[in-house]
Amino acid sequence: MQLAVLGLNHNTATVNVRERFAVKKENLEELYGKIMSDGRVFEACVVSTCNRVEYYVVTEASFCDKSHVLDILSTHCGLDTAELNKYTYFKSGREAVKHIFAVASGLDSLVLGEPQIFGQIKSALESSREYGGFGGFLNRLSEYTLKTAKRVRTFTGISENPVSVSYAAVELSKKIFNNLEEAGALIIGAGEMCELAARHLVGSGIGSVTVTNRTLEKAEKLAGEFGGKAISFDEFPERLSEADIIISSTGAPGYVVTGDMMKSAMAKRRHRPMFFIDIAVPRDIDPAGTDVENVYVYDIDDLKSVVEANKKEREKEAKKGWEIVCAYSDKFDECMESLKITPVIKQLRSSFDEAGREELQKFCDKNKVTDPDEIARLNHLVVSTLNKILHTPFTNLKHHAADGGKYSIGDVIDLIFLKK
Amino acid sequence: MISYLALMAYIIAFCHIAFFLVFGSRILKTLFNIFMGAGFVINITELVLSWYKTGYFPSSSLYDFMNIMSAAFVVTYFIIYAKYERPLIGLFISPFNVVFSAAAIVAPVSASYTFVDSIWRYGHLPFVILGTTFFIASFLSAVMYFIQERQLKGKKFGMVFQRFPPLDTINKINSTTLKLGFYFYTIGAVLGFAWMADGGFESLLASSKIIFSMVTWVVFAVIMGLKRWKGLSPRRMAFFTIAGFLCVLVTYIGVAVFLIR
């Protein structure tokens, strides 16, 4: 049995193509039914997110090539072979295993290290279990996939540094205010950037959100989304001192927050710091404010430089992530190889048990042992002797099953029956 | 031998916290705490053994003083850590442990001065020493504040910026250590005066050491007063704390080493 993956992602297909190939949740049951009806497919899993659509199939090694997988998908899922061929990538065996490990770890994501993909892969594997695509191979694979992804996240800094401007702004504010629950934010403007920043702030547990905008209705709408309050644009200079974090993104041609406003706000705050984030072009906040004690002013270029530095940092961490992926794919191979020995061990054990039972029967007949207690004691002796004899060879068999053909017959005997 | 063990523990602890600054791994933080704790246990064991052997609390030699200071720094660190869970203050505190432990090795073990044993001493000594170590921790957090403020204003987002605590946390550490240091030092000073009055050593009031101790107390009392009634910006408070630290230096090093008691 081997794993194969055929898929497309943000690198191989545009959003229009990805949209066409995307699989809706309500169609999953039917899709799994069709794929699993093909005699060549033992197990299957479909991953469909906004940035990728991937079909994982477990099949015989002889069918594990692109033409067979394309044939399976075009026959049963009504997908156009030519189009599939044009936009998809194909991996099989060890490469396919490494691929799913890397995807779940965020190493193949558009935003390197983004955490959502972990949940998406987990839920795809659960759907496969629910709709009959799951079996022993995928069960083991899902266990190793989740382990790898968790290890990559824990032991590398791949998801530590924010790589979007609005998220970077929120993360920076945490370097001034330890507890955002005690802090208040003022959002100046009600555009898309402000909405994103507000979303990140609320997600980080900000204490309160106030929105101001030239059109009060828009401010009220945005504030309503986050359980905040709206104030009129004329009112905000007076209320500036109440905010700890100020994010501004308006279309105003000049400064909306001047240095004097900052000075007067600081005078009312009894030395509590203020963090101004200007994500507007042209700028909304007077950069001279940075000279005021306890005032920190960051503009879009500052944030972009943070984002760029963080991206580089993530790329460095991704290398460590790939090392983990390779190590875990080795472990997975070993595990699968060792599983091949399980039927042999079962057969061997049952033949030893059978021999034990026969010898016990012969002994009882010959010596006229009829007392059930006596027979039970003798049976216990036979079983425990067999357990003792077979423990070492069985352990060694499991342990060395993944070694391939690197041992001679003498080594095998030594390894299985003699080595302790 | 036991002093070397303490020194080793503190050096290893310092290495771990320095690596923590670079790599940020949790295990390094845990190991730092373990080695600081180990150094403390060694210091205390040494003091207890000495007390058991001689029959009086070991505080009359420079060697004893270095060991007590070293242990007090660990207590200070763990109190701050318990409240704020920010181990990086240890990056600045542990070098003091290394210096004091190394100094203990070369310091004379014999008594540097004679004293009259009294129950007051057991109250005076720990409070004054803890007060001092908290004042020093306050100074160290002021240094941390300036470093982090500089990173934020200068928009430098390197390793130090990433690992250092948020600015308001550093400011809180500064306030807390200053407050605790002042309370401990005040209690220690009061107990010291009570000891003087009880033993009839009023003549000591004119000694340089007592005068400079009082100057230190007054400086910190002024800082506390300004903070409470006038309100000091974190930056100013950090400056004042550094000024207070200079007084501590004059009291301990200047007076104890260069002036006659």
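A residue is counted as buried if 20 or more other C-beta atoms lie within 10 Å of its own, and in this predicted model that criterion is met in helix α8(B) by B:Ser213, B:Thr216, B:Phe220, B:Ile223 and B:Met224. Helix α8 of chain B runs over residues 208-230, and its 23 residues reach 32 Å from the first C-alpha to the last, close to the 33 Å expected at 1.5 Å a residue. The helix is followed by B:Gly231, for which phi is positive, near 85°.

In chain A, 16 helices and ten strands are found, and 37% of the 420 residues count as buried. Of the contacts in chain A between residues at least 6 apart in sequence, 69% join residues at least 24 apart.

Helix α14 of chain A comprises the 26 residues 342-367 and extends 37 Å between its first and last C-alpha atoms, close to the 38 Å expected at 1.5 Å a residue. Because the number of buried residues among these 26 is zero, α14(A) lies largely in the open. Just after α14(A), a positive phi of about 55° is taken by A:Lys368.

Helix α15 of chain A, which spans residues 372-400, contains A:Thr385. This threonine, A:Thr385, has 11 other C-beta atoms within 10 Å and is therefore exposed, the limit for that class being 12 or fewer. Between A:Thr385 and A:Gly356, which lie 29 residues apart along the chain, the C-alpha separation is 9.6 Å.

Terms used
Residues numbered from 1 in each chain as written. Chains lettered and ligands numbered in written order. Predicted model: local features only at pLDDT ≥ 70, side-chain atom pairs only at ≥ 80, totals over all residues. Helix = DSSP H or I, 4+ residues; strand = E, 2+ residues; numbered from the N terminus. Contact = placed C-beta atoms within 7 Å. Expected span 1.5 Å × (residues − 1).
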